[in-house]
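We will go from the whole chain down to single side chains.

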Amino acid sequence: MNNRRHLFTSESVGEGHPDKIADQISDAILDAFLTEEPEAKVACETFVADNLVVIAGEFKTARKALFSEIESRAEAIARQVLRDIGYRDAETGIDPNTCEVQVRFNHQSIQINKGITLTGGDIGAGDQGLMFGYACDETPDLMPYPIWLSHRLVKQLAELRKTGVLPWLRPDAKSQVTVAYEGQRVAGIENVVISTQIERDLDPAWVTQEITRAIIDPLVPVALRTPSFKLWVNPAGPFEIGGPNGDTGLTGRKI
């Protein structure tokens with residue numbers, strides 16, 4: 001086995017990241033269809049930017065009225081997703097009560113449906129993509145350590161924000177973890193980056209101190225930190241403008 005030392009980096013985005021907002025709205029529309037009709041065909045895309053949410057897609061249901069029912073509920077579903085994430089107003093990133101929501105639902109193309117519903121009960125694919133992933137014994141969830149730790153960091157950010165432990169956090173966030181491997185074995189954690197939206201006018205050194213105390217120390221084992229371990233918190237500078245107010249988001253960009 002090759003025991004060469006190498007680095008592997010993974011990133012995870014928080015629930016308030018614009019791309020993840022789009023994913024959650026599309027997921028909520030999917031859930032609404034499947035709750036009523038498990039065999040429904042749903043291809044839903046969401047785009048968010050500034051104070052705008054656009055929901056579009058193609059759908060096929062056995063019960064024709066269901067299409068119109070979910071279409072009429074889509075705006076309310078999107079607004080509730082924004083509230084559940086923690087967006088309250090334009091200052092936090094988008095106002096769930098006043099933002100513009102556009103809904104453009106279409107019936108699934110008959111020609112596309114023929115490629116999905118095949119004779120003999122077989123199911124075809126309506127789209128395709130390239131990705132990689134694997135199960136391993138590095139973590140309890142059988143995920144590679146870099147992405148596993150990245151997910152835990154942004155999850156902790158959201159939990160401490162919502163429970164009021166760190167009330168100055170805002171919904172938009174991401175983490176990045178670089179792990180050193182010797183062959184296929186985790187040898188140590190080289191770097192951690194936390195980029196998180198915060199209230200205005202906070203002292204950067206204090207923010208780093210609080211993130212270290214509440215997020216890094218409980219989740220990043222000291223025993224695994226390499227001698228050259230580095231932590232960066234908001235390395236690009238103040239992160240006060242976030243959510244769709246700071247960047248656009250689109251379904252499927254953060255798998």
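**Before you click**

This is a predicted model, in which local features need pLDDT of at least 70 and side-chain atom pairs count only at pLDDT 80 or more, while totals for chains, interfaces and linings use all residues. Residues are numbered from 1 along each chain as its sequence is written, and side-chain values use heavy atoms, with hydrogens and water left out.

**Stop 1: the whole chain**

Select everything and colour by secondary structure. Followed along the sequence, the pattern reads β-α-β-β-α-β-α-α-β-β-α-β-β. Turn the model along its principal axes: the C-alpha atoms fill a box of roughly 60 × 50 × 25 Å.

Of the 255 residues, 45% are buried; buried means under 20% relative accessible area, exposed over 50%, and partly exposed in between (1.4 Å probe, protein chains only). Among contacts between residues at least 6 apart in sequence, 71% join residues at least 24 apart, where contact means heavy atoms within 4.5 Å.

**Stop 2: the open sheet**

Select β2, β3, β4 and β8. In what order do the four strands lie in the open sheet? The order is β4-β3-β2-β8, with mixed pairing; two strands pair if DSSP finds at least two bridges between them. At the edges are β4 (100–107) and β8 (249–250), each pairing on one side only.

Zoom in on β2 (residues 41–49). On one side, β2 and β8 pair in the antiparallel sense over two bridges, and F47 stands opposite L250 in β8. The pairing of β2 with β3 is also antiparallel and runs over nine bridges; look for A43 opposite E58 in β3. These two strands form a hairpin with two residues between them, and D50 in the turn has a positive phi of about 55°.

Helix α1 (residues 18–36) lies across β2, β3 (52–60), β4 and β8, and runs at about 150° to β2. Helix α2 (residues 64–85) packs on the sheet as well, touching β3 and β4, and its direction makes about 145° with that of β4. For these angles, axes are lines fitted to C-alpha atoms, for helices over the stretch in contact, and angles run from 0 to 180 degrees between N-to-C directions.

**Stop 3: T46**

Stay in β2 and select T46. Is T46 buried or exposed? T46 counts as buried because its relative accessibility is 1%. Its side chain makes a polar contact of 2.9 Å with the side chain of S26; a polar contact is a pair of N or O atoms within 3.5 Å, and within protein one must be able to donate a hydrogen and the other to accept it, while residues adjacent in sequence count only if both atoms are side-chain atoms. Neighbours within four places in sequence aside, T46 is in contact with residues including A22, I25, V54 and L250.

**Stop 4**

Move to α4 (residues 145–162). Its 18 residues reach 26 Å from first C-alpha to last, close to the 26 Å expected at 1.5 Å a residue (the expected span is 1.5 Å times one less than the number of residues). Since 13 of those 18 residues are buried, α4 is largely enclosed by the rest of the structure. After α4 comes G164, with a positive phi near 85°.

Then step back to E138, in the loop between α3 (110–116) and α4. E138 counts as partly exposed because its relative accessibility is 23%. Which polar partners does the side chain of E138 have? It reaches the backbone nitrogen of Y145 at 2.7 Å, and a polar contact of 2.8 Å joins it to the side chain of Y181.

**Stop 5: S195**

Finally, select S195 in strand β6 (residues 185–198). At 18% relative accessibility, S195 counts as buried. Show its surroundings: not counting residues up to four places away in sequence, S195 touches D172, A173, K174, N234, P235 and F239.
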